Amino acid sequence: MARNAEALTRIGVRTRRRKAASGAAISLGVIALALVIVPSVWIVAQVAFKALPHMSWSVITTPGVGLGGGLQNEIVGTLLITFGVAVVAGFIGVMSGIYLSQFAHGRAASVLRGASEVLAGIPSIVVGYVGYISLVVAFHWGFSLGAGLITLSVMVVPYIAKTTEVSLRQVPSSYVEGAEALGLRPGQILRTISLRSALPGIVTGLIVALAISVGETAPLLYTAGYSQNLPHLSLTHSPLGYLTYAVWTFYNEPSAHAVQLSFDAAFLLIVLVLALITASRIVVAMASRHRESA
Amino acid sequence: MAGAYRRRPFPLPKGKAALASDLASRTEEPQAPRVFRPTTKSPLGPVKIASAASAVAPLLALLAILAILIHQALPAIKFNGVGFFIHNVWHPGNFYLQPQTTNGVLHPAQAEYGAWAIIAGTVLSSLIALVIALPASLGAALVVSKLLGPRVRNALGVFLELLAGIPSVVFGLWGTLTIGPLLSRDVYPIFAKHMPDVIILRWFRGSTGAGEGLLTSGIILAAMIIPIIASTSRDLFAQVPKLTEEGAEALGMTRMEVTTKVTLPWVSAGIIGATVLGLARALGETMAVAMVSGSVLGTLPTNIYATFNTIAATIVTTLDSALIDGTGLAVRTLAEAALALMVVTLLANVGARLLVRKVSTTALPVGRGV
């Protein structure tokens, strides 16, 4: 009897210890969760608190003058570059996704897919350096919109290709088979059935790619250059400003106004990125509301 | 055309998705039934050609980047030799003297390059980032997917997306003006004072600097790679079959024991892949590090708070001044550094993806993990 009781206490002690360890692990997990959430909230709040009190329309409506002025040239530049990336990378990325999901199979498909995924992992400054050496110097384009947006497109095409491919693959095969049974030609099926039902996914991927290109700096520094003039609409020989450049150069200037501009630019960047992320969420939500419940 | 549906699995009801992916990992993909297909030539010709050209573009871009870098770096590789990776000097040379020729390469007099310090800085800052980011990501993903409901899981997704979407210059701005000074004033001195003088921990002693340096960069980098590791781990944890976990719990295991003995081993390969991918991203991160590293060239960090530099940050901060070198050696040396960085990140990317493809059904995220 005594030995039994002793054994039971021993088990009791061990169980309690194991439960305590488990509880400790859970609280560590909660701390880890906080480590993930706190920085994102902190950065957004910090930039907003620094930027908002001094924010005025003049920041948005006047171009930069030396270390003063506003951010109009950078805003227009960022929008122009982003629009260009949407056109160039959007076309190549969506087409590439169509090919990978509809036509490619076997080894060739996995090589192309792998190359695209690996391309997205190349350090942005390496892509920027190559863009500078090839487009700016060897092609004699100079610092320009064309060089900047091609370099940036190389970086974001993989995102668009991936999301396009995945969302085309998720189109239920019954849709396609039904269309085939009704006698639609492959081209019609792709256009009216597959692409239409994959559209929300494709748009989401495009928006995420734009959010990334809005925030990139390293690929643009030596390809788009910088200018305080409002951007011209020429693709070559005309450098232009963009918001990330303002953050990168103005933050450690001695002038308080320049530091302020740096925070203003950071705030505008975050607003743009948040708007794009929200837009992608809305697209997803709308799409899932319209989808038949499976 | 005939193979178009071959690889597409059946659509499955939502609730069974987890079970299905488990099934898919063990058995072959379910095959769609063969459908009658007309044998006439497909009218998709132009679309197919245009889309094929687009699909080849990333591969071509990858090869072009490699080729241009190698071509650009070749003279620098010849001039700098193996010593480039071992020595620690960064002397662009004297541009006012007559340029000289060594090993058939024209270079400024007294030019000498050795990247040891920036290689060490790149590796150290990324390792610090990994040490912080890996437990944080795993813990967060575990808590969210095993303790909290699916609604909270989506909420975490929002924060991860936000973290992945914040531009790296904004991370840098936050690091250099806010968290760096804060840590060096309030936190680092406590470490420096109380850390014992033993191996590794010795690195925490000594001067804590002004907030720009290795540890601050590591912390910023950690925040930047958490989205990659956390979002992949969360998807992986959702794949572990409920029955196995519940069985383990029914045998009397505590929550922690289920996690360490069942859940984590089940997905370990995927997590290793995600970690390597995060490491590759940290190695290549440029702007944020350039803003918080302190940008010193040619000195090795003496403790964990010391200023340093990475390969990527060196390229972005010195390419401007490298253009002054009339012989082009300085620019070419940066190409050599970029090539080394690219080869390492390429290997990490390919290795991680091959590993994960072999053992798991969850694909690794592209790029930043959004």
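How much area is buried between chain B and chain A, and what share of that area do carbon and sulfur atoms give? What you see is a predicted model, in which local features need pLDDT of at least 70 and side-chain atom pairs count only at pLDDT 80 or more, while totals for chains, interfaces and linings use all residues. Residues are numbered from 1 along each chain as its sequence is written, chains are lettered from A in the order in which they are written, and side-chain values use heavy atoms, with hydrogens and water left out.

To the question, then: the buried area, meaning the accessible area (1.4 Å probe) that two parts lose on being put together, summed over both, is about 8,100 Å² between chain B and chain A, and carbon and sulfur atoms give 76% of it. In terms of contact, that is, heavy atoms within 4.5 Å, 97 residues of chain B meet 89 residues of chain A.

Turning to charged pairs, a salt bridge here is a side-chain nitrogen of Lys or Arg within 4 Å of a carboxyl oxygen of Asp or Glu; the structure holds 11 of them over all chains, and 3 are found across the interface of chain B and chain A. One salt bridge pairs the side chains of A:Arg281 and B:Glu161, at 2.8 Å from N to O.
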